[in-house]
Amino acid sequence: MRSSEPSPSPDAASAGHPAPDYLPSNALMLKVVVTGPLAVGKTTFVSTVSEIKSRHTEERMTQAGALVDQLDGYRADGEAAKTHTTVGTDFGRLTLDERMVLYLFGSPGQQRFRVLWDDLVRGALGVLVLVDTSRLEAAFEVMDMVEAADVPYAVGVNRFPTSPVHSLGSVRAALDLSPGTPLISVDARDRDECLDTLIAMTRHVLAPLESV
(Lines give C-alpha, C1' and ligand atoms only; values in the text may rest on other atoms or scores of the structure.)
Protein backbone atom coordinates (compact mmCIF):
# COMPACT_ATOMS: atom_id res chain seq x y z
CA MET A 1 0.00 0.00 0.00
CA ARG A 2 1.07 3.55 -0.44
CA SER A 3 -0.09 7.09 -0.29
CA SER A 4 1.24 10.02 -2.24
CA GLU A 5 2.51 11.78 0.87
CA PRO A 6 2.90 8.92 3.35
CA SER A 7 4.39 9.55 6.70
CA PRO A 8 8.04 9.69 5.72
CA SER A 9 10.45 7.34 7.35
CA PRO A 10 13.73 9.21 6.93
CA ASP A 11 15.67 6.96 9.23
CA ALA A 12 14.53 3.86 7.41
CA ALA A 13 15.12 5.47 4.03
CA SER A 14 18.71 6.32 4.78
CA ALA A 15 19.54 3.37 6.98
CA GLY A 16 20.87 1.24 4.12
CA HIS A 17 22.64 4.16 2.49
CA PRO A 18 24.69 5.89 5.17
CA ALA A 19 25.91 9.37 4.42
CA PRO A 20 29.61 9.62 3.63
CA ASP A 21 31.79 10.65 6.55
CA TYR A 22 33.17 13.53 4.55
CA LEU A 23 31.80 15.23 1.50
CA PRO A 24 34.11 15.33 -1.52
CA SER A 25 36.39 18.30 -0.96
CA ASN A 26 36.09 19.66 -4.48
CA ALA A 27 32.54 18.62 -5.24
CA LEU A 28 29.97 20.99 -6.62
CA MET A 29 27.16 21.62 -4.14
CA LEU A 30 24.07 21.83 -6.29
CA LYS A 31 20.58 22.89 -5.32
CA VAL A 32 17.63 20.96 -6.73
CA VAL A 33 13.95 21.70 -6.12
CA VAL A 34 11.38 18.89 -6.08
CA THR A 35 7.94 20.27 -6.81
CA GLY A 36 4.50 19.24 -7.98
CA PRO A 37 0.85 19.45 -6.95
CA LEU A 38 -0.41 18.67 -3.48
CA ALA A 39 -0.18 14.96 -2.56
CA VAL A 40 1.95 13.91 -5.53
CA GLY A 41 4.78 12.35 -3.51
CA LYS A 42 7.37 15.09 -3.02
CA THR A 43 7.98 14.37 0.66
CA THR A 44 8.23 10.66 -0.05
CA PHE A 45 10.71 11.25 -2.87
CA VAL A 46 13.02 13.42 -0.76
CA SER A 47 12.95 11.10 2.25
CA THR A 48 13.50 8.03 0.07
CA VAL A 49 16.57 9.27 -1.75
CA SER A 50 18.27 11.36 0.94
CA GLU A 51 21.49 9.96 2.38
CA ILE A 52 20.97 11.92 5.59
CA LYS A 53 17.98 12.10 7.88
CA SER A 54 15.74 14.29 5.78
CA ARG A 55 13.94 17.23 7.31
CA HIS A 56 10.27 17.99 6.89
CA THR A 57 7.84 20.70 7.92
CA GLU A 58 4.51 18.94 8.02
CA GLU A 59 1.36 19.96 9.80
CA ARG A 60 -2.01 18.30 10.23
CA MET A 61 -4.57 19.28 7.60
CA THR A 62 -7.66 20.91 9.09
CA GLN A 63 -11.12 21.79 7.94
CA ALA A 64 -10.03 25.42 7.73
CA GLY A 65 -7.84 24.57 4.73
CA ALA A 66 -10.33 22.31 2.99
CA LEU A 67 -11.45 25.00 0.56
CA VAL A 68 -7.94 25.91 -0.56
CA ASP A 69 -6.03 22.61 -0.29
CA GLN A 70 -7.52 20.94 -3.32
CA LEU A 71 -7.37 17.14 -3.27
CA ASP A 72 -9.69 16.51 -6.20
CA GLY A 73 -8.84 13.15 -7.70
CA TYR A 74 -6.52 12.20 -4.86
CA ARG A 75 -6.33 8.46 -4.45
CA ALA A 76 -5.66 7.15 -0.98
CA ASP A 77 -5.01 3.67 -2.40
CA GLY A 78 -6.76 1.97 0.46
CA GLU A 79 -4.91 3.84 3.17
CA ALA A 80 -6.30 6.44 5.49
CA ALA A 81 -7.03 9.80 3.92
CA LYS A 82 -4.21 12.29 3.71
CA THR A 83 -3.90 13.99 7.08
CA HIS A 84 -0.66 16.02 6.90
CA THR A 85 0.87 18.39 4.40
CA THR A 86 4.15 20.24 3.90
CA VAL A 87 3.89 23.85 5.04
CA GLY A 88 7.53 24.87 4.64
CA THR A 89 10.01 22.73 2.78
CA ASP A 90 11.46 19.25 2.76
CA PHE A 91 15.22 18.94 2.80
CA GLY A 92 17.58 16.12 1.95
CA ARG A 93 21.05 15.51 0.55
CA LEU A 94 22.46 13.11 -1.99
CA THR A 95 26.11 12.62 -3.01
CA LEU A 96 26.06 11.53 -6.63
CA ASP A 97 29.81 11.01 -6.99
CA GLU A 98 33.09 12.66 -6.07
CA ARG A 99 32.13 15.65 -8.21
CA MET A 100 28.55 16.39 -7.26
CA VAL A 101 26.42 16.70 -4.15
CA LEU A 102 22.74 17.51 -4.53
CA TYR A 103 20.83 19.47 -1.90
CA LEU A 104 17.16 18.62 -2.30
CA PHE A 105 14.40 21.08 -1.42
CA GLY A 106 10.80 19.88 -1.62
CA SER A 107 8.25 22.63 -2.14
CA PRO A 108 4.69 22.78 -0.77
CA GLY A 109 2.09 21.98 -3.40
CA GLN A 110 -0.60 24.46 -2.49
CA GLN A 111 -1.18 27.80 -4.12
CA ARG A 112 -1.24 29.52 -0.71
CA PHE A 113 2.43 28.66 -0.21
CA ARG A 114 3.60 30.03 -3.55
CA VAL A 115 5.13 32.96 -1.68
CA LEU A 116 7.93 30.53 -0.82
CA TRP A 117 8.58 29.59 -4.42
CA ASP A 118 10.85 32.48 -5.40
CA ASP A 119 13.16 31.78 -2.50
CA LEU A 120 13.19 28.05 -3.07
CA VAL A 121 13.99 28.25 -6.76
CA ARG A 122 16.58 31.00 -6.47
CA GLY A 123 20.00 29.58 -7.31
CA ALA A 124 18.62 26.14 -8.16
CA LEU A 125 20.47 24.03 -10.69
CA GLY A 126 17.23 22.47 -11.81
CA VAL A 127 13.74 21.40 -10.86
CA LEU A 128 12.14 17.99 -10.75
CA VAL A 129 8.37 18.14 -11.27
CA LEU A 130 6.41 15.14 -10.00
CA VAL A 131 3.03 14.38 -11.56
CA ASP A 132 0.26 11.83 -11.03
CA THR A 133 -1.59 10.45 -14.08
CA SER A 134 -4.88 10.51 -12.19
CA ARG A 135 -4.55 14.28 -11.70
CA LEU A 136 -2.43 15.55 -14.58
CA GLU A 137 -4.47 18.73 -14.79
CA ALA A 138 -3.30 19.61 -11.27
CA ALA A 139 0.24 19.87 -12.66
CA PHE A 140 -0.52 22.57 -15.22
CA GLU A 141 -0.26 25.45 -12.78
CA VAL A 142 3.01 24.08 -11.39
CA MET A 143 4.42 23.61 -14.88
CA ASP A 144 3.59 27.23 -15.71
CA MET A 145 5.32 28.36 -12.53
CA VAL A 146 8.45 26.33 -13.29
CA GLU A 147 8.65 27.57 -16.87
CA ALA A 148 8.18 31.16 -15.72
CA ALA A 149 11.16 30.71 -13.39
CA ASP A 150 13.25 29.83 -16.46
CA VAL A 151 15.03 26.99 -14.68
CA PRO A 152 15.73 23.73 -16.53
CA TYR A 153 13.58 20.87 -15.36
CA ALA A 154 12.65 17.24 -15.76
CA VAL A 155 9.32 15.54 -15.07
CA GLY A 156 8.83 12.38 -13.04
CA VAL A 157 5.60 10.39 -13.34
CA ASN A 158 5.11 8.99 -9.85
CA ARG A 159 3.43 5.60 -10.27
CA PHE A 160 0.43 5.02 -8.01
CA PRO A 161 -1.19 1.57 -7.98
CA THR A 162 -4.66 2.94 -8.75
CA SER A 163 -3.66 5.70 -11.16
CA PRO A 164 -4.37 5.22 -14.88
CA VAL A 165 -1.49 3.77 -16.84
CA HIS A 166 -0.55 5.97 -19.77
CA SER A 167 2.46 5.79 -22.03
CA LEU A 168 5.14 8.37 -21.44
CA GLY A 169 4.38 9.64 -24.93
CA SER A 170 0.77 10.32 -23.94
CA VAL A 171 1.86 12.08 -20.75
CA ARG A 172 4.37 14.16 -22.72
CA ALA A 173 1.64 15.23 -25.12
CA ALA A 174 -0.82 16.01 -22.31
CA LEU A 175 1.74 18.18 -20.54
CA ASP A 176 2.92 19.70 -23.83
CA LEU A 177 6.54 18.97 -23.00
CA SER A 178 9.28 19.79 -25.43
CA PRO A 179 11.06 16.76 -26.95
CA GLY A 180 14.21 17.54 -24.99
CA THR A 181 12.59 17.58 -21.54
CA PRO A 182 13.35 14.35 -19.67
CA LEU A 183 10.21 12.42 -18.70
CA ILE A 184 10.81 9.50 -16.36
CA SER A 185 8.51 6.94 -14.78
CA VAL A 186 9.39 6.61 -11.10
CA ASP A 187 8.16 5.03 -7.89
CA ALA A 188 8.87 7.61 -5.18
CA ARG A 189 9.30 4.79 -2.65
CA ASP A 190 12.08 3.15 -4.64
CA ARG A 191 15.50 4.64 -3.93
CA ASP A 192 17.17 3.32 -7.06
CA GLU A 193 14.43 4.75 -9.26
CA CYS A 194 14.58 8.09 -7.48
CA LEU A 195 18.34 8.10 -7.95
CA ASP A 196 18.00 7.35 -11.67
CA THR A 197 15.49 10.19 -11.98
CA LEU A 198 17.82 12.70 -10.35
CA ILE A 199 20.74 11.55 -12.49
CA ALA A 200 18.64 12.04 -15.63
CA MET A 201 17.62 15.50 -14.49
CA THR A 202 21.20 16.44 -13.58
CA ARG A 203 22.57 15.28 -16.91
CA HIS A 204 19.88 17.28 -18.68
CA VAL A 205 20.59 20.54 -16.89
CA LEU A 206 24.39 20.18 -17.00
CA ALA A 207 24.63 19.21 -20.68
CA PRO A 208 24.49 22.82 -21.97
CA LEU A 209 27.17 23.88 -19.49
CA GLU A 210 29.52 21.07 -20.46
CA SER A 211 29.33 22.05 -24.12
CA VAL A 212 30.55 25.60 -23.39
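Reply: The account below begins with the basis of the model, then takes the core, the sheet and the chain as a whole.

The model is predicted, so local features need pLDDT of at least 70 and side-chain atom pairs count only at pLDDT 80 or more, while totals for chains, interfaces and linings use all residues. Residues are numbered from 1 along each chain as its sequence is written, and side-chain values use heavy atoms, with hydrogens and water left out.

A nonpolar core is here a set of buried Ala, Val, Leu, Ile, Met, Phe, Trp, Tyr and Cys residues joined through side-chain atoms within 4.5 Å; buried means under 20% relative accessible area, against over 50% for exposed and partly exposed in between (1.4 Å probe, protein chains only). The largest such core has 23 residues, and those touching the most other members are Phe45, Val49, Leu128, Leu130 and Leu198. At least two core residues come from each of strand S1 (28-35), helix H2 (42-49), strand S5 (100-106), strand S6 (126-131), strand S8 (183-186) and helix H6 (191-210). Helices (H or I, at least four residues) and strands (E, at least two) are DSSP runs, numbered from the N terminus. H6 gives the largest share, five residues.

Leu128 illustrates the packing. Setting aside residues up to four places away in sequence, Leu128 touches Val33, Val34, Thr35, Phe45, Ala154, Val155, Gly156, Thr197, Leu198 and Met201, where contact means heavy atoms within 4.5 Å.

Six strands in the order S4-S5-S1-S6-S7-S8 make up an open sheet of mixed pairing; two strands pair if DSSP finds at least two bridges between them. Strand S4 (90-97) and S8 are the edge strands, each pairing on one side only. From one strand to the next, the twist averages 25 degrees. S1 and S6 are parallel partners over four bridges, and Val32 has Gly126 in S6 as its bridge partner. H2 lies across S1, S4, S5, S6 and S8 and runs at about 45 degrees to S4. Axes are lines fitted to C-alpha atoms, for helices over the stretch in contact, and angles run from 0 to 180 degrees between N-to-C directions.

Finally, the whole chain. The protein chain contains six helices and eight strands, and 50% of its 212 residues count as buried. Among its contacts with a separation of 6 or more, 80% join residues 24 or more positions apart.
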